[in-house]
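Reader: I am new to this structure and would like to learn how to read its features one by one. Please give me the general idea each time, and then the case at hand.

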Amino acid sequence: MSLISKVQQPDSNGRIQHVTPESAGWEYVGFDAYLLKKGQSLKLSSGDKELCLVLVAGFASVKTRHAEFPNLGKRLSPFERIPPYSVYVPHNDEVEVYADSDLELAVCNAPSKGNLPARLIAPEDVGVEHRGKGRNQRLVHNILPDNKEADSLLVVEVYTDEGATSSYPSHKHDQKTSPDETYLEETYYHRFDPEPGFAMQRVYTDDRSLDECMAPYNRDVVTVPRGYHPVATIAGYDNYYLNVMAGPVRLWKFTWEKDHAWVNSDQYPRSK
C-alpha cells in the first residue's frame, strides 16, 4: 500500500484529497482537503467522527446545528506564517462552510463519542513555538494539541525553511503498550513556496520492515502508519505541512531514534 496520496483535480465539491482509515489501512485518522471558489458552499455530516476544519488559506463563514462562526479568515496563504482560524465540530453534527473568498480548507477527522460543543479556534488560541536549532529549525502552530479539549484529534501545522529538516531527529509514536510512547497514526498535508517545490520524507522502522522514501509535491499527503518519519526540504522551496494525529489515547508521547538523538544536544550544530 502506497504511503503517499497524490493531489487530485477538484471534484464537484472541490475535494482534492480524501484519506480514510480504509484507504490508509489503519483505524483512526481521516483527512480531506478542498479548494472552493468564492461563493461556493460545502455541507458535511460528522457522523461518528469529530472534525477540525482548518482554513489553510482564504476566508469563510461556518455554521453548525447550534453555532455560527461568520467572517473567519486572516491569511490568503499559509506562508504568511500567522496562525489560522479553525472550527471544532463534534460527532453527530452538520456543518456548512461558505467560501467568502477562494478557500483552501482542510477537514481532519477521527472517532468521537464525547459531548463537546462546536467551537471556534481563533488565531489567538493557537500556541506558537520555534523549535530546533541550526538547520533543524521549524515554526509550529499548535491548533489542537493534547492540552485542548477533543476526543481523539491532534492537529498542528509546521513550517520548515528551504534546505532544512523537521520531524527530526527521527521520532516515532507507534506503541500501544509502551510507557514511553502512545500509538498515533499521522498524516502530512504538504504545501510549498514556490508551488513547484517538493520535499523528501522517509517513513521507516527500526527493523526496516517498513522503509519508504517519498517526494511529496504541493498538496500531496503522506500517511505514517508507524515508524520514524523525518522531512527534508530542498534549496529554493519552503515547506508547510498540516499534521493530523489520532489513536486510542489522546496524548502525544514519542521516542527519538537513538542514532540521531544527539542532534538535540549541545553537540549540534558542530563546530567547523
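Author: Let us begin with burial: a residue is called buried when its relative accessible area is under 20%, exposed when it is over 50%, and partly exposed in between, with a 1.4 Å probe and protein chains only. This is a predicted model, in which local features need pLDDT of at least 70 and side-chain atom pairs count only at pLDDT 80 or more, while totals for chains, interfaces and linings use all residues. Residues are numbered from 1 along each chain as its sequence is written, and side-chain values use heavy atoms, with hydrogens and water left out.

Reader: Is Thr 160 buried or exposed, and in which strand does Thr 160 lie?

Author: Thr 160 has a relative accessible area of 0% and is therefore buried. Its place is in strand β14, where a strand is a DSSP run of E with at least two residues and a helix a run of H or I with at least four, both numbered from the N terminus.

Reader: Which residues is Thr 160 in contact with, leaving aside its neighbours within four places in sequence?

Author: Contact means that heavy atoms lie within 4.5 Å. With those neighbours within four places left aside, the contacts of Thr 160 include Gln 137, Arg 138, Thr 165, Ser 166, Asp 238 and Tyr 241. The side chains of Thr 160 and Ser 166 also make a polar contact, at 2.8 Å. A polar contact is a pair of N or O atoms within 3.5 Å; within protein, one must be able to donate a hydrogen and the other to accept it, and residues adjacent in sequence count only if both atoms are side-chain atoms.

Reader: How should I read a nonpolar core, and which residues have the most contacts inside the largest one?

Author: In soluble globular proteins, nonpolar side chains tend to be buried together. A nonpolar core is a set of buried Ala, Val, Leu, Ile, Met, Phe, Trp, Tyr and Cys residues joined through side-chain atoms within 4.5 Å. Here the largest such core holds 33 residues, and Phe 31, Cys 52, Val 54, Cys 108, Val 155 and Leu 242 have the most contacts inside it. Among the elements that give two or more residues to this core are β3 (30-36), β5 (49-57), β10 (103-111) and β14 (154-160), while β22 gives the most, with four residues. Apart from this core lies another, of 22 residues, with Leu 42, Ala 60, Val 89 and Ala 99 among them.

Reader: What is the order of strands in the open sheet of four strands?

Author: Strands of a sheet pair through backbone hydrogen bonds, either parallel or antiparallel. Two strands are taken to pair if DSSP finds at least two bridges between them. In this sheet the order is β4-β9-β6-β7, and the pairing is antiparallel. The edges are held by β4 (41-45) and β7 (68-72), each with a single partner strand, so one side of each has no neighbour in the sheet. Within the sheet, β6 (residues 60-64) is joined to β9 (residues 94-99) by five bridges and to β7 by three. Lys 63 has Glu 96 as its bridge partner in β9 and stands opposite Glu 68 in β7. A hairpin of three residues links β6 to β7.

Reader: In what order do the strands of the open sheet of seven strands run?

Author: The order is β1-β20-β17-β22-β14-β13-β12, with antiparallel pairing. At the edges stand β1 (4-5) and β12 (127-131), each with a single partner strand, so one side of each is left without a neighbour in the sheet. Two bridges join β1 to β20 (residues 221-224), and Ile 4 has Val 222 as its bridge partner in β20.

Reader: Finally, a loop: where does Ser 112 lie?

Author: Ser 112 lies in the loop between β10 and β11 (119-121), and it is buried, at a relative accessible area of 6%. The side chain of Ser 112 makes a polar contact with that of Asp 151, at 2.5 Å.
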